Amino acid sequence: MGTDGPMLIEGPVEITLPDGSVVRSDRFTAAVCMCGRSARYPWCDTSHRRRPPRSRRGSQRDAE
Ligand code: FES
């Protein structure tokens, strides 16, 4: 039961983004990004499969 991944919607579909712009997909099935990592947001580009980058280069010491 993956919690990460797109929401599949039967197309064609129109989506209104928070900024008011409208995007449309004419595909039979549109995959809407739910993770927010897609470079093609609001469409899923499978970026959700990638682990969020974590810098693991040894000790990260912020001199404060
Ligand atoms: S759900 Fe797939 S890239 Fe966000």
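Buried means under 20% relative accessible area, exposed means over 50%, and partly exposed lies in between, with a 1.4 Å probe and protein chains only. By that scale E14, at 52% relative accessibility, counts as exposed. The model is predicted: local features need pLDDT of at least 70, side-chain atom pairs count only at pLDDT 80 or more, and totals for chains, interfaces and linings use all residues. Residues are numbered from 1 along each chain as its sequence is written, and side-chain values use heavy atoms, with hydrogens and water left out.

**Salt bridges**

- A salt bridge is a side-chain nitrogen of Lys or Arg within 4 Å of a carboxyl oxygen of Asp or Glu, and by this rule the count comes to two.
- Side chains of opposite charge can pair when their charged atoms come close.
- R24 forms a salt bridge with E14, and the closest N and O atoms are 3.6 Å apart.
- R24 lies in strand β3 and E14 in strand β2 (residues 13-16), so this pair ties together parts that are 10 residues apart in sequence.
- Strands (E, at least two residues) and helices (H or I, at least four) are DSSP runs, numbered from the N terminus.
- R24 also forms a salt bridge with D26, where the closest N and O atoms are 3.0 Å apart.
- R24 counts as partly exposed at 48% relative accessibility, while D26 is exposed with a relative accessible area of 57%.

**F28 in the loop**

- F28 is placed in the loop between β3 (22-25) and β4.
- At 74% relative accessibility, F28 counts as exposed.
- Contact means heavy atoms within 4.5 Å; leaving aside neighbours within four places in sequence, F28 is in contact with I9, E10 and G11.
- The C-alpha atoms of F28 and V13 are separated by 9.0 Å, and these residues are 15 apart along the chain.

**S47 after β4**

- S47 sits in the segment after β4 (29-32).
- The relative accessible area of S47 is 6%, so this residue is buried.
- Apart from neighbours within four places in sequence, S47 is in contact with R37, S38 and A39.

**Cysteines**

- C33 has 4% relative accessibility and therefore counts as buried.
- C44 is buried as well, with a relative accessible area of 14%.
- A disulfide is a pair of cysteine sulfur atoms within 2.5 Å, and by this rule the count comes to zero.
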